[in-house]
Amino acid sequence: ARRYFLREVRVASQLRHPNIVLIHDIGKVDGLLYYAMEFIDGHTLSRYMEPRKPMSDWRFCWSVVRQIADALDYAHTQNVLHRDVKPDNVMVARDGHVKLVDFGLARPQNDDFGDRTMLVGTPHYMSPEQLAGKSVSPASDQYALGVIVYRMLTGQLPFGDSNVFVAHLTERPRDPRQFNAQVPSLAVSVLDRMLAKTAEQRYETCGEAASALKWALAPS
């Protein structure tokens, strides 16, 4: 736990981006490690995602996705993978500004940090390659972002109550229109690509995926 804590501070403190939480200080009091981060006047994205209820404000949906994508693309240019992108790790301020938080599982792309044999992440949001214990890449973070988009548009997770490990590896996500008939067919295609089983089938960057989603939701 100490190693992961220190790594989070080390990784997050070197990232300077408006959509990534800022670490101000680190210290130790009576043997207890702490760090101080910027205060965000808002809630986690989970607060806006009601179970089995699709989001009705697609402008808000895309704004959140775009800002997460901007944060991830920047981290990826710094050779940092988040590896635990999920609604609980996204803060939405009252003015709509988004901050990506919790870099406890993040690591430089070529740094194994001794956890190659451990399954790290949140299974419902983990890419097939993560679940299979294979090498991860920026496309793995994009897959997790795709699961967030799916939840936003449908109020559901892509694979329901099935065995999540097997489903991510072998099953096609349920058609979003099964839960929300208003989802455009173009958005379904975007999700299919973001949630592709292999990294090579996904978009080149998270930003490219976010742009495709924008046109899919509001082509005019």
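Helices H4 (residues 138-154) and H7 (residues 206-217) have axes that come within 10 Å and cross at roughly 20°. The model is a predicted one, in which local features need pLDDT of at least 70 and side-chain atom pairs count only at pLDDT 80 or more, while totals for chains, interfaces and linings use all residues. Residues are numbered from 1 along each chain as its sequence is written, and side-chain values use heavy atoms, with hydrogens and water left out.

Helices here are DSSP runs (H or I, at least four residues), numbered from the N terminus. Their axes are lines fitted to C-alpha atoms over the stretch in contact, with angles from 0 to 180 degrees between N-to-C directions. H4 and H7 are therefore roughly parallel to each other (angles under 35 degrees count as roughly parallel, over 145 as roughly antiparallel, 65 to 115 as roughly perpendicular and the rest as oblique). Their crossing is right-handed, a term for a near helix turned clockwise from the far one by less than a right angle, anticlockwise being left-handed. Contact (heavy atoms within 4.5 Å) involves Gln 142, Leu 145, Val 149 and Leu 153 of H4 and Cys 206, Ala 209, Leu 213 and Leu 217 of H7. Seven of these residues are nonpolar, one is polar and none is charged; Ala, Val, Leu, Ile, Met, Phe, Trp, Tyr, Cys and Pro count as nonpolar, Asp, Glu, Lys and Arg as charged, and the others, Gly among them, as polar.

H7 also packs with helix H2 (residues 58-77), the axes coming within 8 Å and crossing at roughly 165°. That makes H2 roughly antiparallel to H7, and the crossing is left-handed. Among the contact residues are Trp 58, Trp 62 and Arg 66 of H2 and Cys 206, Lys 214 and Leu 217 of H7. The contact of H2 with H7 comprises nine nonpolar, two polar and three charged residues.

H4 passes helix H6 in a left-handed crossing. In this contact, H4 residues including Tyr 143, Gly 146 and Tyr 150 meet Ala 187, Leu 191 and Met 194 in H6.

| Helix pair | Axes come within | Crossing angle |
|---|---|---|
| H4 and H7 | 10 Å | roughly 20° |
| H2 and H7 | 8 Å | roughly 165° |
| H4 and H6 (residues 185-194) | 8 Å | roughly 150° |

On a 1 Å grid over the protein atoms alone, a cavity is a set of points where a 1.4 Å probe fits but cannot get out, and a pocket is an open set with protein on both sides within 12 Å along at least five of seven lines; lining residues have an atom within 4 Å of a point. The second largest pocket has a volume of about 190 Å³, and its lining has two nonpolar, four polar and four charged residues. Arg 52, Arg 151, Asp 161 and Arg 174 are among those lining this pocket. The largest cavity has a volume of about 50 Å³; His 124, Phe 159 and His 168 are among its lining residues.

Methods: Helices (H or I, at least four residues) and strands (E, at least two) are DSSP runs, numbered from the N terminus. Grid points are joined across faces, edges and corners, and a volume is the space filled by probe spheres set on the points.
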